[in-house]
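Please open the model in your viewer and keep the sequence panel beside it.

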Amino acid sequence: MAGEPQDDCLFCKIVAGHIPATIVRETDTTVAFRDINPQAPTHILVIPKAHYPDAASLGAGDPRSAADVLRTIGEVAAEEKLESYRTVFNTGSGAGQTVFHAHAHLLGGRGLEWPPG
């Protein structure tokens, strides 16, 4: 069921504390942690604690948590002293999503070209 933890979800296991992560910020509704395969000097994933498979389903099913993810991104970017950064939500395997728990990539610390890869 949407919003409920999933036994087979990597990010749900991180939220539950069953898998270690380098957590940089946690709120009542979000967790932010360093990506294990960083694509920039700063690469942090920000996830809702509630399980939704992608950003669209999060926005439709729990707009408050979606807003909390965006707020957490801004707070983490400020803590990391990023003057500029990119936020990416991949939705679907064709877009590069590999963990089907809504999450944002916060990337910074180097120049980011446009268009992205």
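**Whole chain**

Select every residue first, bearing in mind that this is a predicted model. Coloured by secondary structure, the protein shows 3 helices and 5 strands. Read from the N terminus, these elements follow the order α-β-β-β-α-α-β-β. The radius of gyration is 13 Å, close to the 13 Å given by the globule rule for 117 residues, so the protein is as compact as a globular protein of that length.

The protein exposes about 6700 Å², of which carbon and sulfur atoms supply 53%. Of the 117 residues, 38% are buried.

**Helix α3**

Now select residues 63-79, which form helix α3. This helix has 17 residues, and the distance from its first C-alpha to its last is 24 Å, close to the 24 Å expected at 1.5 Å a residue.

Which residues of α3 are buried? Show the side chains of S65, A66, D68, V69, T72, I73, V76 and A77, for these are the buried ones. The spacing along the helix can be read against a general rule: an α-helix has 3.6 residues a turn, so residues three or four places apart point the same way.

Keep those residues selected and display their surroundings. The cover over the buried residues of α3 includes strands β1 (23-26), β2 and β3 (42-48). It also includes helix α2 (55-61), together with β4 (85-88) and β5 (104-108). Before leaving this region, select K81, which follows α3 and has a positive phi, near 60 degrees.

**The aromatic pair**

For the last stop, select F11 and F33 and show their rings. With a cut-off of 6.5 Å between ring centres, the model holds 1 aromatic pair. F11 and F33 form that pair in an edge-to-face arrangement, 5.5 Å centre to centre and with 75 degrees between the planes. F11 belongs to helix α1 (residues 10-16) and F33 to strand β2 (residues 30-34), so the pair ties together parts that are 22 residues apart in sequence.

Conventions:
Residues numbered from 1 in each chain as written. Predicted model: local features only at pLDDT ≥ 70, side-chain atom pairs only at ≥ 80, totals over all residues. Heavy atoms only, no water. Phe/Tyr/Trp six-rings, centres within 6.5 Å; stacked < 30°, edge-to-face > 60°. Helix = DSSP H or I, 4+ residues; strand = E, 2+ residues; numbered from the N terminus. Expected span 1.5 Å × (residues − 1). Buried < 20%, exposed > 50% of the residue type's maximum accessible area, 1.4 Å probe, protein only. Contact = heavy atoms within 4.5 Å. Rg over C-alpha atoms; globule rule 2.2 N^0.38 Å. Areas by Shrake-Rupley, 256 points an atom, 1.4 Å probe, with all protein chains shown as cover.
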